[in-house]
Amino acid sequence: MSGFGLSALLAESRSGGLRLVAGPVDGHWPTAATALTEDQLDPAGAGRLAVVATPLPHEPWRVDAILRRVHEYGYRGLAVPGADQLDSGARRLADRVGLTVLTVARPFELVEACWRLALARDAVVLDLVRRLTSAFRYGARDLGDLLRHLSAVTNSGVALLDTSGVLEEYRDERSAVDVGRLWVELVQWDRWTSIVHTPALSVASVRLDSPSRPGLRLAFFAAGIGESQLDALAVAAEIAMPAVAARILIDEVASVTDASVSSDLLRDFLDLGETYDADVDRRMTERGWRTSGHHLAFRVIGRTRVDGFALLRAVRTGLEALGIETLATIQGRGVTAWLRFVPAPTPRDLERHVHQLRAVHENLRRTFNVATGIGSLQADRTGLAVTIGEAVDAARIAAERSANNWFVRVDGLGLEQLLLARTENDTFLPAAQSLLAPLRGGDPAGGRADDDVLLVTLTSYLDHESGIAATAEALGVHRNTVTGRVQRIQEILGVDMHDPGVRLALHLACRAVLR
């Protein structure tokens with residue numbers, strides 16, 4: 001359909017301060033006709049929009065006469081200064097005859113907007129390109145700041161998205177349409193440039209050429225705009241794409257550098273233990289890491305190989321919604337983060353925050369194969385190191401706990417599980433394998449064999465708290481068989497199974513070797 005609609009006019013940034021007063025809200029006109037007063041209008045209205053420069057009179061009967069005359073001329077809309085003062089009778093008249101009445105503060109600016117929309121599509125594009133050029137001279141602080149500025153200068157919404165949905169989005173009141181998952185339907189993903197027009201929303205998007213983050217698209221969107229405005233947004237998307245891609249690269253380089261510095265600082269802090277170091281304290285202060293107050297740490301690790309920086313971005317995004325002070329950084333092959341509270345949270349608040357962290361974990365698992373561990377609430381500087389250590393242990397255990405959806409809180413663990421987490425290091429595991437090697441029928445370095453009978457028996461015996469009957473039932477053998485095997489194990493290993501310390505050490509060794 002040629003011409004322009006009311007929604008397209010209202011979406012224009014320079015439309016003379018136009019506002020709807022009465023009549024149909026879905027007005028559409030082929031062109032606009034301009035006159036100083038209504039009696040100077042062309043009598044052949046032909047469905048056009050009449051733009052009158054002289055304000056309406058104050059007398060109601062004269063206003064009614066003007067509305068009737070404009071309608072009889074064949075115009076389907078009237079834009080005039082002072083129309084917002086129409087009384088209820090005049091508004092009902094406009095509704096009855098189907099005349100869209102608009103109030104306008106600057107009539108000639110409105111006429112120029114009508115001309116751009118109806119007759120000069122290139123002018124719409126050139127105007128938008130001119131505004132984008134000024135945007136590129138803006139020194140954006142980061143990607144979000146750049147997208148926000150692009151939204152402001154184009155008077156449209158701007159979003160960065162992939163097939164999972166919106167990653168970042170900025171909009172003004174003109175584009176305030178909650179589309180949610182409709183993004184997937186509003187984008188033609190197989191095309192370089194996609195232009196989709198629907199009654200609810202119009203979207204122009206372009207594939208974002210970013211080697212580090214494939215599958216992204218830059219989208220400009222608005223509600224109620226015309227075809228010429230949508231075409232202009234498509235041009236804007238193509239022009240803005242290289243700048244957005246460059247900004248992503250700049251931010252990622254800065255993010256990698258920042259994550260490396262943060263990771264080194266966290267390692268230095270944890271290596272200190274209870275020792276105070278003025279230089280480490282100064283570096284933490286400079287980065288905004290405050291050790292006073294109470295802390296609750298959690299750690300997210302990949303159960304398979306994950307992109308650490310992508311995981312860190314996702315964790316930080318999840319934490320932003322919590323509304324409390326949080327910090328997150330890469331540590332080893334995972335992400336370590338903590339929440340800081342001043343004063344200490346109540347038990348109810350603490351449970352609420354743990355529930356929020358579980359929600360963050362579940363959201364992460366939609367993209368990453370991860371496990372999460374949470375430490376306990378600890379106070380001050382030494383407490384921060386303690387809760388981080390607990391979270392590290394809990395995450396190791398969580399990686400093997402599918403029943404809990406790979407999520408473990410240290411307050412819900414027993415002593416044995418915490419000690420077992422500590423055994424997973426390069427010192428303990430070889431020692432455990434060497435200790436139990438005489439019981440194995442397979443590879444002493446850790447391979448399983450069909451005749452690991454003694455090792456399996458010892459593990460079951462310790463699992464059942466040295467109960468002969470319970471062990472026999474679990475293994476499906478006679479009690480005397482278990483008794484004979486236990487005696488043989490003691491002889492082979494040369495240990496006293498009545499010693500609690502020996503039983504704990506053997507139990508941890510068995511569990512570590514058989515994991």
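## Residue L110

L110 counts as buried because its relative accessibility is 0%, where buried means under 20% relative accessible area, exposed over 50% and partly exposed in between, with a 1.4 Å probe and protein chains only. The structure is a predicted model, in which local features need pLDDT of at least 70 and side-chain atom pairs count only at pLDDT 80 or more, while totals for chains, interfaces and linings use all residues. Residues are numbered from 1 along each chain as its sequence is written, and side-chain values use heavy atoms, with hydrogens and water left out.

L110 lies in helix 4, residues 107-119. Helices (H or I, at least four residues) and strands (E, at least two) are DSSP runs, numbered from the N terminus. Leaving aside residues up to four places away in sequence, L110 touches L9, S15, G16, L18, V51, A79 and V104; contact means heavy atoms within 4.5 Å. Between L110 and T34 there are 76 residues in sequence and 10.0 Å in space, C-alpha to C-alpha.

## The chain as a whole

The chain has 17 helices and 18 strands. Of its 515 residues, 46% count as buried. Among contacts in the chain with a separation of 6 or more, 63% come from residues 24 or more positions apart.

## Strand 4 and its sheet

T34 belongs to strand 4 (residues 32-35), where the side chains alternate. Strand 4 runs parallel to strand 5 (residues 49-52), and four bridges join them; two strands pair if DSSP finds at least two bridges between them. In strand 5, A50 is the bridge partner of A33, and V52 stands opposite A35.

Five strands make up an open sheet with mixed pairing, in the order 2-7-6-5-4. Strand 2 (19-22) and strand 4 stand at the edges with a single partner strand each, so one side of each has no neighbour in the sheet. On average, neighbouring strands of this sheet are turned by 25° against each other, direction ignored. Helix 2 (residues 60-72) packs on the sheet and touches strand 5, strand 6 (77-80) and strand 7 (100-103). The direction of helix 2 makes about 135° with that of strand 6. Axes are lines fitted to C-alpha atoms, for helices over the stretch in contact, and angles run from 0 to 180 degrees between N-to-C directions.

Eight of the 11 residues of helix 14 are buried, including L454, L455 and L458. Just after helix 14, E465 takes a positive phi of about 55°.

Helix 14 (residues 453-463) packs against helix 15 (residues 468-475) at an angle of about 130°, with the axes 9 Å apart. The two helices are therefore oblique to each other; angles under 35 degrees count as roughly parallel, over 145 as roughly antiparallel, 65 to 115 as roughly perpendicular and the rest as oblique. Helix 14 contributes V456, T457, S460 and Y461 to the contact, and helix 15 contributes I468, T471, A474 and L475.

Helix 15 also packs against helix 16 (residues 479-493), at an angle of about 110° and with the axes 8 Å apart. Helix 15 is therefore roughly perpendicular to helix 16. The contact is made by I468, A469, T471, A472 and L475 of helix 15 with R479, V482, T483 and R485 of helix 16.
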